[in-house]
Structures are given as C-alpha cells and as structure tokens.
Amino acid sequence: MGLISDTHGLLRPQALTALAGCDLVLHAGDVGDSEILKRLSEIAPVHAVRGNTDEGGYAAELPTSLTLPLEGLTLLLHHGHRPLSDERLSDCQVVVQGHSHKPSLQRREGRLYINPGSAGPRRFSLPVTLGLLRIDGDRATAELVDLQSPAGSREQL
C-alpha cells in the first residue's frame, strides 16, 4: 500500500508513478485540496485523515485518526500534530503519521512507526518522499521513496 502525507495541495507526477500498482493508499493529513484525494482514488481506494492545515468542505469529512485492520495487523493512521494516548496505541502494530515532513522508519516497542515525509511542496532542506508498506500475515515491512532522486532511491525497514 502507498503512504503519503503533507501534500499541501500538490500531487507530483513522481508520486503518482511511485504509487501505481498499490492496492490501497493512505494519506496522513495536510491534504490541501479534495482533488488530491480524487486523483489518488484513481490508483486505489484511499483512506485519509485530517491534518492541522486541512480546512473546508472536504476536510470536515476526514477523521482525525483512523484504525484499520489489515490482514493480520492493525494500523493506526493519524497526522501527528496531537499526541496519541497509550490506549490508542495498545492494539496497533503499525503507526503511520505525517506532520513533521521528516521521513522516518522505526521499530519501537514491537511497533513499526512510519512517517512517509512530505510529498508536497519542498520545505527547508527536507527530502520529498512517500512510503510503501507491505503486509504479509502478521509481518509489516516498509520503505521510503525519494521522489526527487532520478532512480527514486529507497530506504527499507
């Protein structure tokens, strides 16, 4: 599945290419425009959450967080600008969040934490990235895709 965040109204062609073939797309907030979700839904079904800059009609329909059962795992999708309670995290094996624009993959306390970074307008010297997640039974693996490198360099966990 594809993981994207912080598009802020910009959906790059490289993002569409990297997400092609995904079975599901998760947007971790700061979408910026309902057209982004519409275009992503042409690739695969989309689940999205509201970020701190999402306003207007489309944003009112987005939850602030979402728990999804996926095969043998439970995934928690949220933007990341508000802390999560231990109760919300207790049943999740995968946590996807955006907000910081800093891509990261970490395993902590038996959970996989993924921040796909920002796929929208470049901020500061941060890379422009998205993530890919694979679930096989009760095992999750992820990678980050740099959308500005010619070969789409990848970091895996």
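Reader: How many disulfides turn up in a search of the whole structure?

Author: Zero, going by a search of the whole structure. Keep in mind that this is a predicted model.

Reader: Remind me, what is a disulfide?

Author: It's a covalent bond that links the sulfur atoms of two cysteines.

Reader: OK, so is cysteine 22 buried or exposed?

Author: Cysteine 22 is buried, because its relative accessible area is 12%, and the cut-off for buried is under 20%.

Reader: And cysteine 92, buried or exposed?

Author: Cysteine 92 is buried too, with a relative accessible area of 4%.

Reader: Let's switch to pockets. How much space lies in the largest pocket?

Author: About 180 Å³. Cys22 is one of the residues lining that pocket. Others in the lining include Met1, Asp23, Glu71 and Arg134.

Reader: Which strand gives the most to the lining?

Author: That's β9, residues 129-136, which supplies four residues. Leu132, Leu133, Arg134 and Ile135 are among the lining residues.

Reader: Is β9 largely enclosed or open, and why?

Author: Largely enclosed by the rest of the structure, because six of its eight residues are buried.

Reader: Which strands does β9 pair with?

Author: One partner is β1, residues 2-4, which pairs with β9 in the antiparallel sense over two bridges. There, glycine 2 sits opposite leucine 132 of β9. Another partner is β10, residues 139-146, also antiparallel to β9, over eight bridges. In that pairing threonine 129 faces aspartate 146 of β10.

Reader: What do β9 and β10 form, and how many residues are between them?

Author: They form a hairpin, with two residues between the strands. Glycine 137 is in the turn and has a positive phi of about 65°.

Reader: Now the open sheet. What's the strand order?

Author: β4-β5-β6-β8-β7, five strands with mixed pairing. On average, neighbouring strands here are turned by 20° against each other, direction ignored.

Reader: How do β6 and β8 run, parallel or antiparallel?

Author: Parallel, with three bridges joining β6 (residues 94-97) to β8 (residues 111-115). Valine 96 has isoleucine 114 in β8 as its bridge partner.

Reader: Is glutamate 109 buried or exposed?

Author: Exposed, with a relative accessible area of 73%.

Reader: Last one: where does alanine 28 lie?

Author: In the loop between β2 (25-27) and α2 (34-41). Alanine 28 counts as buried, at 0% relative accessibility.

Reader: How many Å separate the C-alpha atoms of alanine 28 and serine 65?

Author: 8.8 Å, while the two residues are 37 residues apart along the chain.

How values were computed: Residues numbered from 1 in each chain as written. Predicted model: local features only at pLDDT ≥ 70, side-chain atom pairs only at ≥ 80, totals over all residues. Heavy atoms only, no water. 1 Å grid on protein atoms, 1.4 Å probe; cavity = no way out; pocket = protein on both sides within 12 Å on 5 of 7 lines; lining within 4 Å. Points joined across faces, edges and corners; volume = space filled by probe spheres on them. Disulfide = S-S within 2.5 Å. Buried < 20%, exposed > 50% of the residue type's maximum accessible area, 1.4 Å probe, protein only. Pairing = 2+ DSSP bridges. Axes fitted to C-alpha atoms, helices over the stretch in contact; angles between N-to-C directions.
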